[in-house]
Amino acid sequence: MTLTAAVPVARRARLLWILAAAAVLLVVFGPYVLDRFALNVLTRAMIFAILAITVDLLWGFTGILTFGQAAFFGVGAYATAMLLTHVGSSPLMLALAVPVAILVPMILGAAVGWLTFYPGSSDFYATIISLVVPIVITQLIYSGGTLTGSSSGLVGYWGLPLGLEGFFRLAGLCLVAVALAALIFVRSDAGRVLTAIRNNETRCAYLGINTQRIKIALTAALAGVTGLAGYLYANASGVVAPENAGFVFGTELVIWTALGGRGTIIGPVLGAIGIGYLSAQLSGDLPFLWQLLIGSLFVVMIIFLPNGLAALATGFRQSRRAAVVPDLVARPVQRKAHRGDAPLLDIEKLEKSYGSHKVLEDITLSVRPGELVSLVGPNGAGKTTLMRCMTDGAAASGGIVRINGESIAGMLPNDIVARGIGRKFQVASVFESLTVAECLRMARTSLDAPSFVTVSDTLGLSQSAIDILKLTGLDKMLDAPVSLLSHGQKQSLELAMVVALEPELILLDEPTAGLTKTERTTIGAVLKTLTAERGMAAILVEHDLDFVRDISSRIVVLHQGRLVLDGTVGEVVNSDIVKKIYSGGHHG
Amino acid sequence: MTLLLDIATSAAILFIVATGLLTIFGVLKIINFAHGAWLTVGAYCAVAVGQAGLNPWLALPVAFIAGSVLGLLTERFIVRPLYSRPLDAILATWGLGIVIGQLITLGFGRDVQFTANLIPGTMDILGTSYSAYRIFALVAAVVLGLGFSLLMEGTRLGLSARAVIMNETLARGLGLDTAKIRTVTFMIGTGLAGLAGVLLTPLTSVDPTMGVAWLVGSFMLVMVAGQSFGALALACLLLGGAQVIVSTYISPILGGVTVAVLAAVILRISPKGFARA
């Protein structure tokens with residue numbers, strides 16, 4: 001298994017380096033064959049290609065549609081030009097301008113990211129902000145007077161003394177470096193987190209991943225990269241203008257990325273260079289027709305070929321899935337230190353209401369390690385709501401939920417997961433565009449920090465998670481894309497992911513719904529082992545009373561938002577109230 | 001007094017421009033980024049009517065019809081495949097906007113065009129001399145707003161549209177032809193955008209890219225307003241008013257970004273905007 005896994009990865013890595021070397025050669029020897037016009041146009045296009053890469057990382061990989069990269073680019077360019085114009089262009093200033101052009105956009109990026117990505121923010125909101133930022137920056141430039149040159153921009157400062165060929169090579173080398181770094185990053189274990197966020201952000205949060213922080217960090221880091229591109233541009237072109245920061249330029253970046261192929265890095269690079277070059281060639285003869293053509297092509301592509309020309313050229317879906325089959329390695333469970341002897345979960349007078357309608361009322365419940373508590377009750381009794389109140393500090397409207405003695409009020413799901421709670425949803429919540437192994441690795445992200453450069457050839461999981469994979473046969477399908485799994489397999493995978501988090505308490509919302517009899521028995525056995533032998537606690541929402549009777553150590557009955565019974569299997573199953581509720585009794 | 005009139009009329013103009021976008025966003029949950037292009041189309045209808053030597057008022061029905069016919073084609077061929085991909089719909093309509101802009105450039109050239117003012121001169125409002133056309137815009141906005149609430153509250157189409165807004169699956173289950181409602185809504189939205197384009201002509205210069213500036217402003221207002229025309233009117237009044245005040249007392253350039261910045265802040269504090277109010 002190790003052998004088959006290692007070969008394609010190594011070959012892909014080698015291919016990447018060969019490509020990079022070829023690109024470097026092209027860039028270094030390009031000036032010997034290209035005329036002045038081509039050099040000029042291509043230098044510009046290569047700088048813009050760097051921007052297209054950042055758009056691709058944000059939009060193609062992470063799913064954040066942004067028009068704002070132009071603003072960070074403009075800030076970087078203006079920072080450089082202003083420094084060189086107003087302070088003077090000594091070698092010291094030229095050197096100093098590099099960190100300034102990177103840091104200022106990064107700070108702005110971090111601020112914008114903080115504003116944009118708050119818990120519960122919508123995709124639209126990110127797009128709105130990405131429109132506002134370039135508009136504000138452009139207006140600031142206009143109102144900057146002589147400081148920014150207002151509408152005519154800044155011109156006439158002395159940039160790097162490189163000449164046409166020199167700038168071509170510098171821009172090209174920077175582009176190759178950024179593209180290479182981006183490709184290595186997106187193929188690495190850490191890079192897959194971006195795809196996971198695009199796919200299913202809720203699941204990421206419930207795997208203990210702070211998605212907001214990742215998006216903010218990504219925005220800030222990429223703003224730095226665009227700032228560097230701005231530095232290059234300000235030096236190479238010798239002029240900066242308000243249009244460089246404008247939102248129309250931002251939309252052009254998105255168009256190049258879309259036409260080249262979002263989510264491929266190379267596609268957007270080729271898109272930016274190709275369109276930039278062709279535009280310069282053709283816009284002299286037929287300016288409006290060329291724009292018309294680009295616009296029409298863009299519309300058609302968005303509708304019929306959302307993954308761009310790259311998808312057409314390579315059928316990259318297959319090649320991207322070039323199987324990485326890691327070896328499963330059992331890792332010892334990293335037990336969290338316990339404070340005092342408070343119960344694992346302690347709910348006191350919990351309440352949840354929507355307006356005047358009370359969904360949960362006066363729920364008091366505590367769970368200790370090793371217990372398998374089944375939560376039963378008819379539809380609408382509030383079972384799923386109760387689960388939500390245990391995993392989202394903002395959900396409850398009254399009462400206290402404590403985990404190991406600590407109140408979770410105001411905590412985000414990822415904070416609560418970090419405190420030892422794992423939640424499996426009613427409808428299997430996994431990552432459709434990842435493989436089984438990648439999904440499991442996401443579950444480990446908060447425990448074993450993933451590498452930013454490599455794809456690990458081992459996958460360390462707790463023994464319990466490995467057992468689940470073996471029992472359900474998923475251990476043989478680690479390289480299978482999740483989108484091809486059956487309903488039951490997705491349920492099992494999600495269970496394995498949650499168990500891989502090494503939670504102390506696991507919440508399961510109807511884990512056996514829609515499963516076959518055999519699959520049910522398997523999951524039942526797994527749960528019994530987890531609780532009885534491994535000391536985990538579990539709360540299980542379930543309708544199948546026979547199943548509940550077989551595996552539970554305790555049963556809690558919820559009815560019309562109230563906890564009506566809490567006792568051993570025998571006590572509950574034989575009680576009159578349960579018979580009444582379930583046979584339709586007086587409540588209908 | 002002039003300031004008050006400025007605020008009221010600016011809000012009215014913003015309202016007129018944003019209505020078409022809100023109509024589409026409210027029912028279809030799609031942001032029509034070609035909105036600016038439709039404004040431009042409307043404005044060029046006024047130019048064309050003027051060049052043909054016809055009565056300038058004739059531009060209004062012409063623009064409405066041109067807008068809705070284009071809207072019909074757009075909904076059918078571009079927007080319909082993208083209902084499940086709202087972010088892609090933004091991009092596709094933006095691309096369409098580029099195409100329309102270039103077509104207009106090919107037809108009319110890229111130069112600034114001028115049209116006959118629909119209502120020239122000034123009139124006296126409580127002793128203040130004020131542009132008669134801006135007063136007319138205020139009246140037009142009120143008529144438009146009232147007309148729309150009448151359409152939504154009082155007609156069968158309005159009822160169906162509201163049903164689609166609230167619960168599209170259920171509406172379809174009840175036998176409403178939701179596809180048709182979407183098409184008609186989109187046509188009304190684009191028709192209104194065309195109309196707004198004509199109404200803008202006396203206030204701004206007409207050129208192929210005139211729509212973009214208005215697009216961003218109305219997009220922000222619609223995001224803040226959510227799905228309600230009342231909320232849109234409120235948003236126009238508050239944000240438009242702030243814009244006038246900032247432009248008058250601080251700087252016209254900063255005034256230009258007031259709407260966008262305030263909208264972003266409002267949405268950050270209350271993600272649903274004014275829709276809850």
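The following legends describe close-up views of a predicted model.

**View 1. Packing of helices H7(A) and H17(A) in chain A.** Helix H7 of chain A, which spans residues 189–199, packs against helix H17 of chain A, residues 436–444, with the two axes 10 Å apart and at an angle of about 95°. Because angles of 65 to 115 degrees count as roughly perpendicular, H7(A) and H17(A) are described as roughly perpendicular to each other. On the H7(A) side the contact is made by Asp189(A), Arg192(A), Val193(A) and Ala196(A), which meet Glu438(A), Arg441(A) and Met442(A) in H17(A). By class, the residues of this contact comprise 3 nonpolar and 4 charged, with no polar ones.

**View 2. The interface of chain B and chain A.** Between them, chain B and chain A bury about 3300 Å², and 82% of this area lies on carbon and sulfur atoms. In chain B, the residues that lose the most area to chain A are Leu87(B), Leu91(B) and Arg268(B), which together account for 21% of what that side buries. The contact involves 38 residues of chain B and 38 residues of chain A.

**View 3. Polar pairs across the interface, and the chain B side.** The count between the two chains is 1 salt bridge, and the side chains of Arg262(A) and Asp88(B) meet in a salt bridge with an N to O distance of 3.1 Å. Across the interface, 7 residue pairs are in polar contact, with both residues at pLDDT 80 or more. The elements giving two or more residues to the side of chain B that touches chain A are helices H3 (59–79), H4 (86–108), H9 (210–225) and H11 (252–269) of chain B, and H4(B) gives the most, with 15 residues. That side of chain B has 31 nonpolar, 3 polar and 4 charged residues.

Methods:
Residues are numbered from 1 along each chain as its sequence is written. Chains are lettered from A and ligands numbered from 1 in the order in which they are written. This is a predicted model: local features need pLDDT of at least 70, side-chain atom pairs count only at pLDDT 80 or more; totals for chains, interfaces and linings use all residues. Side-chain values use heavy atoms; hydrogens and water are left out. Axes are lines fitted to C-alpha atoms, for helices over the stretch in contact, and angles run from 0 to 180 degrees between N-to-C directions. Helices (H or I, at least four residues) and strands (E, at least two) are DSSP runs, numbered from the N terminus. Angles under 35 degrees count as roughly parallel, over 145 as roughly antiparallel, 65 to 115 as roughly perpendicular and the rest as oblique. Contact means heavy atoms within 4.5 Å. Ala, Val, Leu, Ile, Met, Phe, Trp, Tyr, Cys and Pro count as nonpolar, Asp, Glu, Lys and Arg as charged, and the others, Gly among them, as polar. Buried area is the accessible area (1.4 Å probe) that two parts lose on being put together, summed over both. A salt bridge is a side-chain nitrogen of Lys or Arg within 4 Å of a carboxyl oxygen of Asp or Glu. A polar contact is a pair of N or O atoms within 3.5 Å; within protein, one must be able to donate a hydrogen and the other to accept it, and residues adjacent in sequence count only if both atoms are side-chain atoms.
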